[in-house]
Amino acid sequence: MADYFQEMGWRELQDGEQPNHLLHMARFLIDFGVYGDDYSGEWPRLPPAASKEAVKNLPMITIQTKDKSCTICLLKFRYNEKAKELPCHHVFHKKCILTWLNQTNSCPFCRYELPTDDEEYEAFKKEKLRAEQRKEDVETLHNSMFS
Ligand SMILES: [Zn+2]
Ligand SMILES: [Zn+2]
């Protein structure tokens with residue numbers, strides 16, 4: 001894997017060198033599986049980009065603390081800095097999360113899923129929910145018969 005980064009012209013930081021935050025984001029995307037085909041979830045590939053509408057409606061909040069940082073680029077937020085908040089209450093720089101949600105629909109921190117514009121994926125999610133519901137129904141029925 002180290003060879004891969006070498007081929008890409010990437011190398012470890014030298015002393016006193018500032019980390020390249022975009023580079024970090026690229027690595028993070030690779031770790032998350034955005035560029036890989038080895039995503040092991042039930043959906044055969046990485047979930048699609050978040051719906052444009054959902055992304056547009058994400059609130060901007062003002063950071064009121066000094067110890068929060070953006071999970072994507074790892075930079076600390078400044079006090080009073082504006083950030084985008086996901087429904088799971090994780091916050092990111094606008095630029096970071098917009099780039100991210102353009103690739104996939106879930107929070108990079110906790111994988112909370114935003115709606116997508118992908119009909120196929122939405123159908124898959126509904127079906128999965130129905131399957132879980134059916135399983136619960138069967139368990140409830142089973143419990144009521146055998147307890
Ligand atoms: Zn960021
Ligand atoms: Zn989250």
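Six salt bridges are present in the structure. A salt bridge is counted when a side-chain nitrogen of Lys or Arg lies within 4 Å of a carboxyl oxygen of Asp or Glu. The model is predicted: local features need pLDDT of at least 70, side-chain atom pairs count only at pLDDT 80 or more, and totals for chains, interfaces and linings use all residues. Residues are numbered from 1 along each chain as its sequence is written, and side-chain values use heavy atoms, with hydrogens and water left out.

The protein contains five helices and three strands. These elements are DSSP runs, numbered from the N terminus: helices are H or I with at least four residues, strands are E with at least two. Along the sequence they follow the pattern α-α-α-β-β-β-α-α. Of the 147 residues, 31% count as buried. Buried means under 20% relative accessible area, exposed over 50%, and partly exposed in between (1.4 Å probe, protein chains only). Accessible areas come from the Shrake-Rupley method with a 1.4 Å probe; for residues, only the protein chains shown count as cover. Contacts were also computed, with contact meaning heavy atoms within 4.5 Å. Among contacts with a separation of 6 or more, 49% join residues 24 or more positions apart.

One of the salt bridges pairs Glu 81 with Arg 78. Their closest N and O atoms are 4.0 Å apart. Glu 81 is buried, because its relative accessibility is 15%. Arg 78 is exposed, because its value is 57%. Glu 81 is also among the residues touched by His 93. His 93 sits in the loop between β3 (91–92) and α4 (94–101). Its relative accessibility is 13%, so His 93 counts as buried.

A further salt bridge links the side chains of Glu 113 and Lys 125, with an N to O distance of 3.9 Å. Glu 113 belongs to the loop between α4 and α5 and Lys 125 to helix α5, so the pair ties together parts that are twelve residues apart in sequence. Glu 113 has 33% relative accessibility and is therefore partly exposed. Lys 125 is partly exposed too, at 24%.

Helix α5 also holds the pair Arg 130 and Glu 127, which are three residues apart and so separated by about one helical turn. The closest N and O atoms of this salt bridge are 2.9 Å apart. Arg 130 is partly exposed at 46% relative accessibility. Glu 127 is partly exposed at 35%. Salt bridges with shared partners join Glu 113, Glu 122 and Lys 125 into one network.

Glu 132, Glu 136, Asp 137 and Glu 139 form a negative surface patch. Patches are made of residues with over 30% relative accessible area and no salt bridge; like charges are joined within 9 Å, nonpolar side chains (Val, Leu, Ile, Met, Phe, Trp, Tyr) within 5 Å. Lys and Arg count as positive and Asp and Glu as negative, while His and the chain ends are not counted. Each charge is placed at NZ of Lys, CZ of Arg, CG of Asp or CD of Glu. Glu 136 lies in helix α5 (residues 119–146). At 47% relative accessibility, Glu 136 is partly exposed.

Conventions. Chains lettered and ligands numbered in written order. Lists of a residue's contacts leave out its neighbours within four places in sequence.
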